Amino acid sequence: MVISEVSKQGLSADESLGKFRILYVEDTKDDQIILRRLLEKKSRINFELITVSDGFEGLKRVSKEDFDLIILDYRLPGMTGLDFLERLKKMNITTPVIFVTGKGDERIAVEAMKRGARDYIVKDEEDFGRLIKAIEEAALEASLPKSIDIRAAIYLAGLFSAHEILSGDEIGWLLEQSSHVQLESLLSALDELVKAGFAEAKPLYSAVACPFCGSLKPNLLLQCPQCGSSQLIKGEALEHMNCGGLDFKFSYQSVGGELICPKCGKKLRQLGVDYRRVSALYKCSNGHFFSLPTFNFKCFGCGRTFDIDEASLKTIYQYRLTRKGRSRLSLALKFGVDTPELEDKVTIENT
Ligand SMILES: [Zn+2]
Ligand SMILES: [Zn+2]
Ligand SMILES: [Zn+2]
């Protein structure tokens, strides 16, 4: 394996893009060989695979070394996979385990899950595909902060590959095309990235958020100050100063180029003398006229209404990946990109 430049400089293992260490506890030589070949050929991870042929040897290794993942066969000489899980627990080792059973051993697989296995694979003669996928998922999860939603992380990795800087409000727009990830889960995933040192956040401005559900999509709700109606029309209006009549311009009948006041029925004579323009007039569904509506908010998320005093303010940030974040999210990025057949594209750094 190639030692990366970063670890040569003496940085911690966390900062370097380390190898994903897998312990494979399997007595069948053929299976050991198949898994190694498939990982080398098909997987997108930078791994180190250590194989042992029985549980005793396996336990000896895990007690001395750190592994990121254990792949555990059920049928082993001397000690079954279930016994192995039991002993791991007693040793307080929490390394995730993928349990492998043969066809017909499904009930044992369920028992393994009860004993703390992360996942189980029922092995068909030749199909190791699911196992490779489960290993990749475990590797991806190990490369990211613990509390982060994996799908959100993959999505963010994709966004960051297209945009060096993402702002909290832009993400909402970028998200419109995709329905399978929620804006709120992306924003909280971004917070997780910042906490873990994967990204930096710079405050941009304060946005109005719903005090009930936290949604960042409140719509401004204009209401009649007299009756509260929110069905309004708005337009240019004229005020006939002689009679005090005030109405929309279209309500003044035009006869031979002259305007007739709808209130008193008289002709308007000269702009600025007996009548004036009102640039914005509102009329509610109950017939009230006003020039300044009441401002409230209606939430697109939960549908509730609130005023400016009740509104929460949420700081909108812009985000940029750190060097560490860029290298760690690179794996997520590989997962986000559609690569139906990976075959020759992937090179594992074996020297
Ligand atoms: Zn009204
Ligand atoms: Zn009039
Ligand atoms: Zn709401």
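This report describes the sheets, helix packing and nonpolar cores of a predicted model.

## The parallel sheet

Five strands make up an open sheet whose order is β2-β1-β3-β4-β5, and the pairing within this sheet is parallel. Its edges are formed by β2 (47–52) and β5 (119–123), each of which pairs on one side only. On average, and with direction ignored, neighbouring strands of this sheet are turned by 20° against each other.

Within the sheet, strand β3 (residues 69–73) is joined to strand β4 (residues 97–102) by four bridges in the parallel sense, and L72 is the residue that stands opposite F99 in β4. Helix α5 (residues 106–114) packs on the sheet, where it touches β4 and β5, and the direction of α5 makes about 165° with that of β5. Helix α6 (residues 129–143) lies across β1 (20–25), β3, β4 and β5, and runs at about 170° to β4.

## Contact between helices α4 and α5

Helix α5 also meets helix α4 (residues 81–90), for the axes of α4 and α5 come within 10 Å and cross at roughly 0°. Angles under 35 degrees count as roughly parallel, and α4 and α5 are therefore roughly parallel to each other. On the α4 side the contact is made by G81, L82 and L85, while α5 contributes I108, E111 and A112. Sorted by class, the residues of this contact are four nonpolar, one polar and one charged.

## The antiparallel sheet

Another open sheet has four strands in the order β10-β9-β13-β14, and here the pairing is antiparallel. The edge strands are β10 (245–248) and β14 (289–290), each pairing on one side only. Strand β9 (residues 232–240) pairs with β10 over four bridges in the antiparallel sense, and L238 has D247 in β10 as its bridge partner.

## Nonpolar cores

The largest nonpolar core contains 60 residues, and those with the most contacts inside this core are I22, L69, I71, I98, F99, A153 and L156. Helix α7 (residues 150–162) supplies seven residues, which is the largest share of this core. For L69, if neighbours within four places in sequence are left aside, the residues in contact are F20, I22, T95, P96, I98, I135 and A138.

Technical notes:
Residues are numbered from 1 along each chain as its sequence is written. Chains are lettered from A and ligands numbered from 1 in the order in which they are written. This is a predicted model: local features need pLDDT of at least 70, side-chain atom pairs count only at pLDDT 80 or more; totals for chains, interfaces and linings use all residues. Two strands pair if DSSP finds at least two bridges between them. Helices (H or I, at least four residues) and strands (E, at least two) are DSSP runs, numbered from the N terminus. Axes are lines fitted to C-alpha atoms, for helices over the stretch in contact, and angles run from 0 to 180 degrees between N-to-C directions. Two residues are in contact if their C-beta atoms, placed from the backbone, lie within 7 Å. Angles under 35 degrees count as roughly parallel, over 145 as roughly antiparallel, 65 to 115 as roughly perpendicular and the rest as oblique. Ala, Val, Leu, Ile, Met, Phe, Trp, Tyr, Cys and Pro count as nonpolar, Asp, Glu, Lys and Arg as charged, and the others, Gly among them, as polar. A nonpolar core is a set of buried Ala, Val, Leu, Ile, Met, Phe, Trp, Tyr and Cys residues joined through C-beta atoms within 7 Å. A residue is buried if 20 or more other C-beta atoms lie within 10 Å of its own, exposed if 12 or fewer, and partly exposed in between; C-beta atoms are placed from the backbone.
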